[in-house]
Amino acid sequence: MDRFTKREVVLLGALIVLAGLLFLGRQTRDLELTGLSETVSAEEEYSAEADPMEKSEDQVVVHIAGEVFEPGVYALRAGARVVEAIQAAGGETNFADMERLNLARQLVDGEQIRVPSILDTAENAVEETGSAVDGKVNINKADEATLESLTGIGPVKAQAIVEYRKVHPFSSIEEITSVSGIGEKTFEKIRDQITIN
């Protein structure tokens with residue numbers, strides 16, 4: 001009788017251990033599934049937030065490059081300024097030449113903002129801003145801030161020039177009169193200030 005009781009005790013103990021293992025295994029599996037679900041949800045949420053191509057009507061998508069800590073494509077609110085785009089990209093590095101940018105300019109959907117470096121050579125500086133060595137502005141390359149330095153060209157006309165040349169690169173300086181808002185009088189004022197070379 002005593003041996004039978006010991007057997008029962010051993011069997012009962014084994015059953016208890018087995019039940020405990022099954023319970024712990026199920027708990028672990030539930031935790032893993034919960035963790036997986038949370039990870040998937042977090043990834044989906046990140047994906048929805050991080051995908052700059054998914055934008056609403058009240059957003060602009062811009063490419064920020066150059067001397068910023070996190071260059072890339074960002075979706076920002078419509079009406080946002082260049083300074084906000086740079087902040088979205090982690091801010092400027094210690095080598096950024098911020099004096100060459102118009103930080104207050106409104107962003108245009110689809111544009112690229114390149115933050116120039118103080119280490120740029122004179123040749124690179126010309127390429128970035130579109131300013132020629134002789135002081136003339138290359139209307140095929142100049143950014144909006146540089147175009148605004150021309151006599152009679154404000155933010156609206158500068159933006160119009162940029163939009164026009166995306167479709168029709170200038171083949172002559174006279175062609176600038178084809179841009180909306182720029183007539184013969186304006187052209188005469190800027191004739192000696194612009195180039196396409």
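Q: Which salt bridge does Arg191 make with its side chain?
A: Arg191 meets Glu174 in a salt bridge, 3.9 Å from N to O. The term stands for a side-chain nitrogen of Lys or Arg within 4 Å of a carboxyl oxygen of Asp or Glu. This is a predicted model, where local features need pLDDT of at least 70, side-chain atom pairs count only at pLDDT 80 or more, and totals for chains, interfaces and linings use all residues. Residues are numbered from 1 along each chain as its sequence is written, and side-chain values use heavy atoms, with hydrogens and water left out.

Q: Which parts does the Arg191 and Glu174 pair tie together?
A: Arg191 lies in the loop between α6 (184-190) and β5 (194-195), and Glu174 in the loop between α5 (155-167) and α6, so the pair links parts that are 17 residues apart in sequence. Helices (H or I, at least four residues) and strands (E, at least two) are DSSP runs, numbered from the N terminus.

Q: Arg191 and Glu174, how accessible are they?
A: Arg191 is partly exposed at 31% relative accessibility, and Glu174 is partly exposed too, at 39%. For the cut-offs, buried means under 20% relative accessible area, exposed means over 50%, and partly exposed is in between (1.4 Å probe, protein chains only).

Q: OK, and which residues do salt bridges with shared partners join into one network?
A: Arg105, Glu111 and Glu144.

Q: How many salt bridges does the structure hold?
A: It holds 7. One of them joins the side chains of Glu84 and Arg77, at 3.0 Å from N to O. Glu84 is partly exposed at 23% relative accessibility, and Arg77 is partly exposed at 46%.

Q: Switching to α5: what should its 13 residues span, and what do the end C-alpha atoms give?
A: At 1.5 Å a residue the 13 residues should span 18 Å, and the end C-alpha atoms are 19 Å apart, which agrees. The expected span is 1.5 Å times one less than the number of residues.

Q: Which residues of α5 are buried?
A: Ala158, Ile161, Val162, Tyr164 and Arg165. Looking down the axis of α5, the buried residues fall within an arc of 165 degrees, so they line one face of the helix. That arc is taken from the directions from the helix axis to the C-beta atoms. As background, an α-helix has 3.6 residues a turn, so residues three or four places apart point the same way.

Q: What's on the face turned away from the buried side of α5?
A: That face of α5 carries the exposed residues Pro155, Val156 and Val167.

Q: Back to Tyr164. How many aromatic pairs are there, and which is it in?
A: The count comes to 1 aromatic pair. Tyr164 and Phe170 form that pair, and it is stacked, with 5.3 Å centre to centre and 25 degrees between the planes. The rule is that rings of Phe, Tyr and Trp (its six-membered ring) pair if their centres lie within 6.5 Å; planes under 30 degrees apart count as stacked, over 60 as edge-to-face and the rest as tilted.

Q: Tyr164 and Phe170, buried or exposed?
A: Tyr164 is buried, and Phe170 is buried as well.

Q: New topic: which residues make the nonpolar surface patch?
A: Phe95, Ile118 and Leu119 make a patch of about 320 Å². Patches use residues with over 30% relative accessible area and no salt bridge, joining like charges within 9 Å and nonpolar side chains (Val, Leu, Ile, Met, Phe, Trp, Tyr) within 5 Å. The areas come from the Shrake-Rupley method with a 1.4 Å probe, and for residues only the protein chains shown count as cover.

Q: Where are Ile118 and Leu119?
A: Leu119 sits in the loop between β3 (112-115) and α3 (122-129), and Ile118 is in the loop between β3 and α3. Leu119 is exposed at 60% relative accessibility, while Ile118 is partly exposed at 48%.

Q: How many helices and strands are in the chain?
A: There are 6 helices and 5 strands. From the N terminus on they run α-β-β-α-β-α-β-α-α-α-β.
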